[in-house]
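User: I would like to go through some of the labels used for this structure. Please set each value against its cut-off.

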Amino acid sequence: NPLDMNIPTNLLGSALRALKLNPLEKEISQFKTEFDPSGSGVLSEEQLKTIYFRKKKDPDTYEELIQAFRLLDKEGEGLISTQEFRYYMVRMGEQMPEDEVDDLVKQADNASGKV
């Protein structure tokens, strides 16, 4: 079908990042090996969807996030201050734009100034 969307395998990492995922190069290589074993250099839209949903549900990513927040939770309450959260999200590691951090804070803030 000419309306099917295919993606070159060399753009897989960029495509996943555009979908707000952050795959490691090792993961991208593994996906290419699994989904393009013949080395055609092309993935179908269905394959991209499968990869997206698999990566989105990646438990390692979730566990890493939980561990990182536990390190920041000095009082052991399961919460950190919104100010501290903003600082880490905007200035450390994989930096997020401030407007995206503001949206996250609005969704997570429990009126105590903590998330």
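User: Why is Arg17 called partly exposed?

Analyst: This is a predicted model. Arg17 has a relative accessible area of 36%. Buried would need under 20% and exposed over 50%, so Arg17 is partly exposed.

User: How do you know that Arg17 forms a salt bridge with Glu25?

Analyst: The closest N and O atoms of Arg17 and Glu25 are 3.2 Å apart. The cut-off is 4 Å between a side-chain nitrogen of Lys or Arg and a carboxyl oxygen of Asp or Glu, so the pair qualifies as a salt bridge. By this rule there are 4 salt bridges.

User: What makes Glu25 count as exposed?

Analyst: Its relative accessibility is 57%. Exposed means over 50%, so Glu25 falls in that class.

User: What makes Glu27 and Lys55 a salt bridge, and which helices do they lie in?

Analyst: The N to O distance between the side chains of Glu27 and Lys55 is 2.9 Å, and the limit is 4 Å. Glu27 lies in helix H2 (residues 25–35) and Lys55 in helix H3 (residues 45–56), so the pair ties together parts that are 28 residues apart in sequence.

User: Are Glu27 and Lys55 buried or exposed?

Analyst: Glu27 has a relative accessible area of 15%, and Lys55 comes to 8%. Buried means under 20%, so Glu27 is buried and Lys55 is buried.

User: What makes the pair of Tyr52 and Phe53 edge-to-face?

Analyst: The planes of Tyr52 and Phe53 have 80° between them, with 5.0 Å centre to centre. Tyr52 counts as buried at 16% relative accessibility, while Phe53 counts as partly exposed at 47%.

User: How do you know that the buried residues of H2 are on the same side?

Analyst: The buried residues in H2 are Glu27, Ile28, Phe31 and Phe35. They cover an arc of only 100° around the axis, which puts them on the same side of H2. The face turned away from this buried side carries the exposed residues Glu25, Lys26 and Thr33.

User: What covers the buried residues of H2?

Analyst: The cover includes helix H1 (12–18), strand S2 (42–44) and H3.

User: Why does Gly13 count as buried, and what is Gly13 in contact with?

Analyst: Gly13, in helix H1, has 6% relative accessibility. The limit for buried is under 20%, so Gly13 counts as buried. Leaving aside neighbours within four places in sequence, Gly13 is in contact with Pro23 and Ile28. The C-alpha atoms of Gly13 and Pro23 are separated by 6.8 Å, and the two residues are 10 residues apart along the chain.

Note on methods
Residues are numbered from 1 along each chain as its sequence is written. This is a predicted model: local features need pLDDT of at least 70, side-chain atom pairs count only at pLDDT 80 or more; totals for chains, interfaces and linings use all residues. Side-chain values use heavy atoms; hydrogens and water are left out. Buried means under 20% relative accessible area, exposed over 50%, partly exposed in between (1.4 Å probe, protein chains only). Helices (H or I, at least four residues) and strands (E, at least two) are DSSP runs, numbered from the N terminus. Rings of Phe, Tyr and Trp (its six-membered ring) pair if their centres lie within 6.5 Å; planes under 30 degrees apart count as stacked, over 60 as edge-to-face and the rest as tilted. The arc is that of the directions from the helix axis to the C-beta atoms. Contact means heavy atoms within 4.5 Å.
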